[in-house]
Each structure stands twice: as structure tokens, then as C-alpha cells.
Amino acid sequence: MEMLLRAREITKRYGKFIALNDVSFDVSKGEVIAIVGPNGAGKTTLVNTLAGLYSPDSGDVMFEGRSVAGLGPAERARRGLARSFQLVSIYPTFTVSDMIAVAAFTRTGRTFSLLRTVSSFAAESAEVLEIAASFGLTDRLSVKCSALSQGEKKLVDIASALALRPRLILLDEPTSGIASAHKHRIMETLLEAAKRCGVESIVLVEHDMELIARYATRVIGFRSGNIAADLPTDAFFSEASVIDSIVGRVPQHARG
């Protein structure tokens with residue numbers, strides 16, 4: 001399989017606290033990798049380091065065979081490595097259309113302005129409509145983000161990241177705060193839309209073991225900043241001792 005991303009000996013410290021300790025792994029085309037572990041294990045730090053929000057103290061991140069050291073999130077996104085940043089909570093007065101358009105404009109190098117409607121830019125307008133339709137948000141385009149349900153806000157966050165047209169997308173708890181009854185719908189919508197938008201691999205931090213068992217192809221378990229397990233999903237859920245040591249007890253039906 002084609003290798004998209006390679007993390008090599010990544011270490012990240014906060015003072016004396018080691019958040020990531022010599023972490024190495026690869027991401028190949030076609031994978032949906034779930035990052036799991038207890039709070040404070042280093043999961044979000046890893047995603048932020050891969051995205052360029054944090055710089056590692058040592059080690060390197062390579063994307064499509066080239067080091068992206070020193071490149072920030074915007075430049076990594078332009079190269080095809082994007083992260084959802086939950087911008088809906090930062091810009092609650094933006095409409096759904098505005099949020100998706102910001103990412104589309106970022107990718108094309110145009111300057112987004114609320115003084116002009118998205119429809120005045122033909123290419124970006126068409127893209128906003130296409131991506132909104134993928135997430136079932138067509139009827140919500142003119143709605144301000146502050147008026148959206150929690151599930152809709154999650155979809156807009158992910159839709160905005162997909163407007164960057166990444167090859168690999170990083171997601172930090174895409175279903176957190178969502179009622180259990182709606183989590184599968186969110187994940188299925190996410191995966192279908194990602195495929196439609198050309199995303200080739202997904203790395204996500206997720207706590208819901210049932211979702212991971214159903215949708216992930218591989219699980220990387222973190223404990224105290226170290227990789228404690230890196231296994232295909234079926235193999236991960238067949239190792240009760242591994243699961244219990246990383247995330248605690250898991251319902252039997254989630255283990256398949």
C-alpha cells in the first residue's frame with residue numbers, strides 16, 4: 001500500500017512532562033486509524049503535532065515522502081494533510097456556508113470576505129454546495145453556527161476540513177458530545193463524504209469502542225505518551241488484556 005504519512009521518533013515535552021515519547025508509526029492509503037487511550041495519554045498532542053499546530057522536541061513527520069518539519073497547519077493542509085479544528089465554536093456568527101467557504105478559499109489562495117457573498121465566486125460556491133450536500137447540510141447553509149445542534153456543528157467542522165481536499169484527514173473526537181443514538185449516523189456520513197471528497201486515509205482520536213470496532217481498520221493504543229499497541233482492529237479487540245491495560249473494560253459486544 002502507498003505510504004502517506006510517516007511519524008518518526010516523535011517526542012514532545014511540556015516542561016518535565018513527556019506527552020509523546022519516541023513515537024513512530026506509518027499511515028498507508030486506505031486506512032482508518034483510531035487512536036485510543038486514557039485521558040492524558042498523548043492522543044490530542046499527537047494529532048496536533050502531525051497537523052503542525054505543535055512542533056516536536058525531536059523526531060520528524062513526513063508526508064508523501066517529504067518532511068513537513070517547520071510547516072504550519074495551513075501549509076500542511078495545502079499539501080494534503082488537514083485537521084478539523086472545531087472552528088464552529090470560535091466563529092458562532094458565521095453561517096454554515098461561510099464556514100465551508102473559509103476552507104475552500106484557503107485552499108485556492110483567495111481571501112475570504114464576509115462583505116461579499118460566497119455565490120459571487122463561482123468555483124467556491126459550487127464547492128460549498130457540493131460539500132454541504134455530502135453532509136446533508138444543503139438546507140442549513142444560511143443558518144448561523146450558533147443555531148446548529150451539536151451533531152450539525154460536528155458535521156460542519158468536518159465539512160470545513162474536507163473543503164481543503166486533503167489526502168489524509170486528522171480528527172479529534174468527531175463524535176464527542178453526540179447522543180449515542182446519532183453517533184453511527186455521524187460516522188457513516190463522515191466516511192461517505194470523505195471518500196466522495198477524495199480523502200484516502202483518516203486518523204481519528206475516538207473513545208467509543210463500538211464505533212472503533214465497526215469503522216476503524218487499525219487501532220493504535222497510547223499509554224503515558226507511548227504506543228502500547230498497534231494492531232488491525234480485529235486483532236486489537238481479540239486481545240482482552242491489551243484493551244484492558246489501555247482503555248479499561250470494554251463491553252463484550254464491542255469486541256466482536
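1. Which residues of α6 are buried? In this predicted model, the buried residues of α6 are K183, I186, M187, T189, L190, A193 and A194. The list includes the lysine K183 and the threonine T189.

2. Helix α6 covers residues 180-196, 17 residues in total. After α6 comes G198, which has a positive phi, near 90°.

3. An open sheet is built from four strands, arranged in the order β2-β1-β4-β5 with antiparallel pairing. The edge positions are held by β2 (17-28) and β5 (66-67); each has a single partner strand, and therefore one side of each is left without a neighbour in the sheet.

4. Within this sheet, β1 (residues 3-14) pairs with β4 (residues 58-63) in the antiparallel sense, over five bridges. T11 stands opposite S58, a residue of β4.

5. The largest pocket has a volume of about 330 Å³. Its lining comprises 20 residues, and those nearest the centre of the pocket are R83, F85, L87, A103 and L164. Two or more lining residues are contributed by each of α2 (73-79), β6 (81-83), α3 (96-108) and α5 (150-162). The largest share, four residues, is that of α3.

Note on methods:
Residues numbered from 1 in each chain as written. Predicted model: local features only at pLDDT ≥ 70, side-chain atom pairs only at ≥ 80, totals over all residues. Heavy atoms only, no water. 1 Å grid on protein atoms, 1.4 Å probe; cavity = no way out; pocket = protein on both sides within 12 Å on 5 of 7 lines; lining within 4 Å. Points joined across faces, edges and corners; volume = space filled by probe spheres on them. Expected span 1.5 Å × (residues − 1). Buried < 20%, exposed > 50% of the residue type's maximum accessible area, 1.4 Å probe, protein only. Pairing = 2+ DSSP bridges.
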